[in-house]
Amino acid sequence: MSTSYKNQEFLKNLELIENLIKLNSNEVKNQKTSYWKQRLKEYDFKDPTSFLNSGSFTKRSIKQIIFHYLNQRLYFSKLMGINIFKSQVYLNSLKIAKKQNRVLDYDFLRMVFTYLYLVEIRKIKFSRVCIIGDGKSTLTSIFKIMNPNVEIFYVNLIETMYQDYEILSNSKIINSKDHVIVRNPNDLDSKRKLYFIPSFNSNFLKNKKIDLFINIASFQEMSKQVLEGYFDVISNNKSILYHCNRIEKKLDDGSVVKSKDYPIKNGKIILDEQCPWHSFYYVPYFKKKYFAGVLEGTGINHQLINYNDK
């Protein structure tokens, strides 16, 4: 298959995603809290490097590579007693970043830690994984490269999905035959390795035998109704859920989303603590800053919740 033909396929899918936004305008709108309505006014989701508050995409340059290299080794070399910079997931992530013409920056490194923690420390086994609310395709890219035989169910607001799809296709992390844009439940039976699912179709994921669900820093931006839907799907699959979110987050309209109010239902919490790699960040020049609430114990926690009653 020629490169030009492949490019046409990807362009066709980007057009398909745009049409889904237009054809499902009410469903798309209902998925968003005030937080996301405002962010989508501020940023151009069709630009893959636009911040969109879905994670950073630091363009590759010698200056940025050196800045992140030095700060990461200063602050993260001995986190949890692990030298993450010698891990296979970190080495592969460097290759991903180069393919995507970006730097393995702080936001990228957080996803490297997330993968390492789940797979190598917790040793969670999975053949099907669902990533809810990825940003800049970072976690999806890592899982796809590290586990090429695993089925990945990618769920997101459709505008963010557009941006992530563009990053994955431009970097050739995906090819024209290994994925599908999910428009109806039958698309999930197409025997692909990656399923792109608009968040308004997340209910299609019931009874799919998904082993692991992951959410990083976006449950904290969802409405009660949307959260109920996700936790119903997770419980229905009898899965393990890993999430990392703020204990409290105030949205643009003044409403507050609290992790203690998540509708966990019949899940058994097996981990609930402050997340070490989401507690602080670095800024010029060699300064460490903590996220709001971290020092008071009300910052960013991660949880493992087991819905498998075996």
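# Salt bridges and helix packing: a chat

Author: A search of the whole structure, which is a predicted model, finds 13 salt bridges.

Reader: OK, let's start with Lys 12. What does Lys 12 form a salt bridge with?

Author: Its partner is Glu 9, and the closest N and O atoms are 3.6 Å apart.

Reader: And how far apart are Lys 12 and Glu 9 in helix α1?

Author: They are three residues apart in α1 (residues 3–23), so about one helical turn separates them. An α-helix has 3.6 residues a turn, so residues three or four places apart point the same way.

Reader: Got it. What about Arg 39, which side chain does that one meet in a salt bridge?

Author: Arg 39 meets Glu 42, at 3.2 Å from N to O. Both sit in helix α3 (residues 34–42), again three residues apart, about one turn of the helix.

Reader: Is Arg 39 buried or exposed?

Author: Arg 39 counts as buried because its relative accessibility is 8%, under the 20% cut-off. Glu 42 has a relative accessible area of 43%, so Glu 42 is partly exposed.

Reader: Which residues are linked with Arg 39 in a network of salt bridges?

Author: Glu 42 and Asp 252 are linked with Arg 39 in that network.

Reader: Now Arg 128. What does it pair with in a salt bridge?

Author: Arg 128 pairs with Glu 151, with the closest N and O atoms 3.0 Å apart. This pair links distant parts of the chain: Arg 128 is in strand β1 (residues 128–132) and Glu 151 is in strand β2 (residues 151–156), 23 residues apart.

Reader: Glu 151, buried or exposed?

Author: Glu 151 is buried, because its relative accessible area is 17%.

Reader: Switching to helices. At what angle do α6 and α7 pack?

Author: About 45°, with the axes 9 Å apart; α6 covers residues 106–121 and α7 covers residues 138–146. The two are therefore oblique to each other, and α6 passes α7 in a right-handed crossing.

Reader: Which residues make that contact?

Author: From α6 there are Phe 108, Met 111, Val 112 and Tyr 115, and from α7 there are Thr 138, Leu 139, Ile 142, Phe 143 and Met 146. They divide into eight nonpolar, one polar and no charged.

Reader: How many residues of α7 are buried?

Author: Eight of its nine, and α7 is mostly covered. Among the buried ones are Thr 140, Ser 141 and Lys 144.

Reader: And α4 against α6, what's the angle there?

Author: Helix α4 (residues 62–76) packs on α6 at about 45°, with the axes 11 Å apart. That angle makes α4 oblique to α6, and α4 passes α6 in a right-handed crossing.

Reader: Last one, Leu 91. Where is its place?

Author: Leu 91 is in helix α5 (residues 88–99). With 36% relative accessibility, Leu 91 counts as partly exposed.

Reader: What does Leu 91 touch?

Author: Not counting residues up to four places away in sequence, Leu 91 touches Phe 85 and Lys 86.

Reader: And how far is Leu 91 from Leu 194 in space?

Author: Leu 91 and Leu 194 are 23 Å apart, C-alpha to C-alpha, and 103 residues apart in sequence.

Note on methods
Residues are numbered from 1 along each chain as its sequence is written. This is a predicted model: local features need pLDDT of at least 70, side-chain atom pairs count only at pLDDT 80 or more; totals for chains, interfaces and linings use all residues. Side-chain values use heavy atoms; hydrogens and water are left out. Axes are lines fitted to C-alpha atoms, for helices over the stretch in contact, and angles run from 0 to 180 degrees between N-to-C directions. Helices (H or I, at least four residues) and strands (E, at least two) are DSSP runs, numbered from the N terminus. Angles under 35 degrees count as roughly parallel, over 145 as roughly antiparallel, 65 to 115 as roughly perpendicular and the rest as oblique. A crossing is left-handed if the near helix is turned anticlockwise from the far one by less than a right angle, and right-handed if clockwise. Contact means heavy atoms within 4.5 Å. Ala, Val, Leu, Ile, Met, Phe, Trp, Tyr, Cys and Pro count as nonpolar, Asp, Glu, Lys and Arg as charged, and the others, Gly among them, as polar. Buried means under 20% relative accessible area, exposed over 50%, partly exposed in between (1.4 Å probe, protein chains only). A salt bridge is a side-chain nitrogen of Lys or Arg within 4 Å of a carboxyl oxygen of Asp or Glu.
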